Amino acid sequence: MIADAPASIAAVTDSAADDRFLSREIETADGPRTYKLYVPSRYDKSRPAPLLVVLHGCTQNPDDIARGTRFNQLAEQNGLLVAYPEQPQKYNGLKCWN
């Protein structure tokens, strides 16, 4: 749940809605995995919200796919959360999802 995310996660400043496009990390058995999370301005953490998970293409990263698809704008209009997991090169040389 988003409200329970660690407080150490900081916002990044590389999108039109800097304060809503967050850089996050989750600990897994294989080590930390990073992702970006778009939180729309009308998000109310006391109520469930739909979550869209977007996988980037080979050689891309979450910022690339967010810019190219404009899912953040769609999320803002429709009150969706959007998660963009990042495939590290460690797991695939071209950062492709298998």
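Reply: A residue is called buried when its relative accessible area is under 20%, and exposed when that area is over 50%. The model is predicted. By this criterion, the buried residues of helix H1 (residues 62–69) are Pro62, Asp63, Ile65 and Ala66. Viewed down the axis of H1, these buried residues fall within an arc of 170 degrees, so they line one face of the helix. Arg67 and Gly68 are exposed on the other side of H1.

The ends of the helix may be taken next. At the N-terminal end, H1 is capped by Asn61, which places a side-chain oxygen 2.8 Å from the backbone nitrogen of Asp63. Just after H1, Arg70 adopts a positive phi of about 60 degrees.

The buried residues of H1 pack against strand E1 (21–28), strand E2 (31–38), helix H2 (71–78) and strand E4 (81–85). The strands belong to an open sheet of four, ordered E1-E2-E4-E3, with mixed pairing. E1 and strand E3 (51–53) stand at the edges with a single partner strand each, so one side of each has no neighbour in the sheet. Within the sheet, E2 and E4 run antiparallel and are joined by four bridges. H1 lies across E1, E2 and E4, and runs at about 135 degrees to E4. H2 also packs on the sheet, where it touches E1, E2, E3 and E4, and its direction makes about 155 degrees with that of E4.

Asn72, located in H2, is buried, with a relative accessible area of 9%. Beyond its neighbours within four places in sequence, Asn72 is in contact with Phe21, Tyr38, Ala66, Val82 and Tyr84; Ala66 is among the buried residues of H1.

Note on methods:
Residues numbered from 1 in each chain as written. Predicted model: local features only at pLDDT ≥ 70, side-chain atom pairs only at ≥ 80, totals over all residues. Heavy atoms only, no water. Buried < 20%, exposed > 50% of the residue type's maximum accessible area, 1.4 Å probe, protein only. Helix = DSSP H or I, 4+ residues; strand = E, 2+ residues; numbered from the N terminus. Arc of directions from axis to C-beta. Contact = heavy atoms within 4.5 Å. Polar contact = N/O pair within 3.5 Å; in protein donor to acceptor, adjacent residues only side chain to side chain. Pairing = 2+ DSSP bridges. Axes fitted to C-alpha atoms, helices over the stretch in contact; angles between N-to-C directions.
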